[in-house]
Amino acid sequence: MDDSRAWICCNPESCLYLSSGSPGTGRYDVTCTTFSSSPLVADRVMVIRDVGGQITQNGVSNLEVEVLSGGHKWPNELDKVPDDVFGRNDLWWLGTGFLVPTKTDGIIALIDADEDTQDEPAPTYDITSSPLITQEWFYHHVSFVDADGDGRKDALSARAYVPLDGGPISAQMVWHKHPESGDPLTSTWEEFPLFDGPDAGFCYYEIPLQNGLTRYVIFSTQYFLEKLVMSWYDGTSPDFYNLQHKVLDATPEERYFDCELADMNADGDLELLITANSDTNGKLLIYEPMRNKDWPEGEWKNT
């Protein structure tokens with residue numbers, strides 16, 4: 001396993017994630033976002049540190065579970081912030097909010113686990129709320145990339161607002177600028193919407209090309225619009241304002257959710273692994289580019 005997060009499982013009240021612990025130790029932490037549909041209940045993020053070591057030493061029935069962070073409105077996905085964002089390895093990011101009364105107004109939070117103890121949860125900082133932002137949004141996933149070439153990694157996210165009264169849905173891909181001055185943990189990160197459509201899930205990759213350029217690509221799983229979309233730019237640095245877009249699939253009632261590029265059949269080429277759900281069943285879908293050397297021009301086949 002590499003250092004990326006693994007989404008283990010979800011149920012109606014929680015999601016589990018396996019993430020790397022201290023760098024170079026080979027230890028892994030299990031984190032769990034817990035949420036309740038009750039409007040009066042604040043939700044929490046739990047953590048089991050060095051889960052393998054705890055199981056070896058004490059068994060599965062005696063795991064020590066800590067509150068990593070609390071007071072949230074429906075916490076969704078979380079993971080470690082990459083070390084090169086702040087020069088630290090003890091920060092986590094978290095997306096919150098969903099389709100629940102009083103919990104529709106989510107944020108992107110940064111959790112300072114360096115201040116976490118068994119008795120006191122870690123301090124949590126809201127980097128997306130501002131008096132200038134009047135629209136409610138919920139957030140799931142975050143990727144960090146230097147979007148404007150200033151040497152600081154920014155936060156790339158998808159977000160949505162789904163009115164509980166059945167009104168029109170708003171959904172956007174957006175990047176949030178890493179502040180140039182001040183403490184980035186206590187500052188609001190200025191937002192820059194990029195394009196409409198993405199709502200909950202997406203995955204971002206930087207793929208070297210044979211011509212010396214890099215393909216900066218976003219696969220967005222547009223859950224509410226029921227579309228799977230690829231957006232990309234080929235260059236020497238990302239240019240999110242000049243992306244090209246291609247709809248890879250738009251099957252009615254196919255609600256695409258999470259995505260990952262991986263070599264699924266060991267042929268040396270990358271395929272796109274997608275989770276999807278509907279009112280009746282969930283699915284794992286694999287999309288194979290029929291012309292791997294030319295993703296934008298070739299069709300993607302659901303295999």
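These are my notebook entries on a predicted model of a single protein chain.

**Entry 1. The chain as a whole**

I began with the inventory of secondary structure. The chain holds 21 strands and two helices. I then looked up how much of the chain is covered: of its 303 residues, 47% are buried. For the accessible surface I noted about 14900 Å², with 48% of this area belonging to carbon and sulfur atoms. Among the contacts with a separation of 6 or more, 43% are made by residues 24 or more positions apart.

**Entry 2. The sheet β14-β15-β16-β17**

I turned next to an open sheet of four strands, whose order is β14-β15-β16-β17 and whose pairing is antiparallel. Which strands stand at its edges? They are β14 and β17, the latter spanning 244–249; each has a single partner strand, so one side of each lacks a neighbour in the sheet. On average, neighbouring strands here are turned by 20 degrees against each other, with direction ignored.

I followed β15 residue by residue. This strand covers residues 214–222, and nine of its nine residues are buried. In a regular strand, side chains alternate between the two faces of the sheet. I sorted the residues of β15 by direction: Thr214, Tyr216, Ile218, Ser220 and Gln222 point one way. Arg215, Val217, Phe219 and Thr221 point the other way, and the residues of both groups are all buried.

I then recorded the pairing on either side. Strand β14, residues 201–208, runs antiparallel to β15 and is joined to it by eight bridges. With β16, residues 227–235, β15 pairs in the antiparallel sense over nine bridges.

**Entry 4**

I looked up another open sheet of four strands, with antiparallel pairing and the order β10-β11-β12-β13. Its edge strands are β10 (138–145) and β13 (191–196), each of which pairs on one side only. Neighbouring strands in this sheet are turned by 25 degrees against each other on average, direction ignored.

Between β10 and β11 (residues 154–161) I found six bridges, in the antiparallel sense. Phe138 has Ala160 of β11 as its bridge partner.

**Entry 3. Gln172**

I selected Gln172, a residue of strand β12, which spans residues 170–176. Is this residue buried or exposed? The relative accessible area of Gln172 is 16%, and the cut-off for buried is under 20%, so Gln172 counts as buried.

Which side chain does the side chain of Gln172 meet in a polar contact? The partner is Arg159, at 2.8 Å. Leaving out residues up to four places away in sequence, I listed what Gln172 touches: Trp137, Ser157, Ala158, Arg159, Pro193, Phe195, Asp196, Gly197 and Pro198.

**Entry 4. Lys80**

I checked a lysine next. Lys80 belongs to strand β6, residues 75–80. With a relative accessible area of 17%, Lys80 is buried. I also noted a distance from this residue: the C-alpha atoms of Lys80 and Trp93 are separated by 6.3 Å, and the two residues are 13 residues apart along the chain.

**Entry 5. Positive phi in two loops**

Finally, I looked up two loop residues. Glu253 is not a glycine, yet has a positive phi of about 65 degrees. Glu253 is placed in the loop between β17 and β18, the latter being 255–262. The relative accessible area of Glu253 is 61%, and this residue is exposed.

Ala266, which is not a glycine either, has a positive phi of about 55 degrees. I located Ala266 in the loop between β18 and β19, where β19 is 271–277. Ala266 is exposed, with a relative accessible area of 70%.

How values were computed:
Residues are numbered from 1 along each chain as its sequence is written. This is a predicted model: local features need pLDDT of at least 70, side-chain atom pairs count only at pLDDT 80 or more; totals for chains, interfaces and linings use all residues. Side-chain values use heavy atoms; hydrogens and water are left out. Buried means under 20% relative accessible area, exposed over 50%, partly exposed in between (1.4 Å probe, protein chains only). A polar contact is a pair of N or O atoms within 3.5 Å; within protein, one must be able to donate a hydrogen and the other to accept it, and residues adjacent in sequence count only if both atoms are side-chain atoms. Contact means heavy atoms within 4.5 Å. Two strands pair if DSSP finds at least two bridges between them. Accessible areas come from the Shrake-Rupley method with a 1.4 Å probe; for residues, only the protein chains shown count as cover. Axes are lines fitted to C-alpha atoms, for helices over the stretch in contact, and angles run from 0 to 180 degrees between N-to-C directions.
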